[in-house]
Amino acid sequence: MHIDWATLGSVFGVSLVVTVGLVALFTLGVAGLSRQEKATAQGGSATLAVTGAYVCFAACAAAVAYGISLIVA
């Protein structure tokens with residue numbers, strides 16, 4: 001049995017980077033919704049923060065859908 005360590009390391013590295021990026025993107029979305037709640041409590045509006053949050057959540061959903069399509073195909 002032969003293990004190609006370079007390829008295994010490459011897969012690990014890409015998986016790590018994509019996972020950290022997805023978590024960071026989701027965190028930005030949650031932070032945007034948090035700013036919207038804070039602005040609403042102060043009587044303001046934070047449409048840019050809400051729009052950014054929804055874009056972050058949509059990008060997360062698209063990345064997950066792409067990953068599932070890679071696995072299924």
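Trainee: Why is F57 called partly exposed?
Mentor: This is a predicted model, so read every value as computed from it. F57 has a relative accessible area of 21%. Buried means under 20%, and exposed means over 50%. The value for F57 lies in between, so F57 is partly exposed.

Trainee: What makes F26 partly exposed?
Mentor: The cut-offs are 20% and 50%. F26 has a relative accessible area of 46%. That falls in between, so F26 is partly exposed.

Trainee: How many aromatic pairs does the structure hold?
Mentor: One. F26 and F57 form it, with 5.2 Å centre to centre. Ring centres must lie within 6.5 Å, so these two rings pair.

Trainee: Why is the pair of F26 and F57 called tilted?
Mentor: The planes are 55° apart. Stacked needs under 30 degrees, and edge-to-face needs over 60.

Trainee: Which parts of the chain does the pair link?
Mentor: Distant ones. F26 sits in helix 1 (residues 5-41) and F57 in helix 2, 31 residues apart. The chain has two helices and zero strands.

Trainee: How do you know that C56 is in no disulfide?
Mentor: The nearest cysteine sulfur to that of C56 belongs to C60, 6.9 Å away. A disulfide needs the two sulfur atoms within 2.5 Å. So 6.9 Å is too far for a bond. The structure holds zero disulfides.

Trainee: Are C56 and C60 buried or exposed?
Mentor: Buried means under 20% relative accessible area. C56 is at 11%, so C56 counts as buried. C60 is at 8%, so C60 counts as buried too. Over the chain, 12% of the 73 residues count as buried.

Trainee: What about I68: which label does its relative accessible area give?
Mentor: Partly exposed. I68 is found in helix 2 (residues 47-72). From G43, I68 is 25 residues away in sequence and 41 Å away in space, C-alpha to C-alpha.

Trainee: How does the radius of gyration of the chain compare with that of a compact globule?
Mentor: A compact globule of 73 residues would have a value near 11 Å. The chain has 18 Å. Its C-alpha atoms fill a box of roughly 65 × 25 × 15 Å along the principal axes.

Terms used: Residues numbered from 1 in each chain as written. Predicted model: local features only at pLDDT ≥ 70, side-chain atom pairs only at ≥ 80, totals over all residues. Heavy atoms only, no water. Helix = DSSP H or I, 4+ residues; strand = E, 2+ residues; numbered from the N terminus. Rg over C-alpha atoms; globule rule 2.2 N^0.38 Å. Buried < 20%, exposed > 50% of the residue type's maximum accessible area, 1.4 Å probe, protein only. Phe/Tyr/Trp six-rings, centres within 6.5 Å; stacked < 30°, edge-to-face > 60°.
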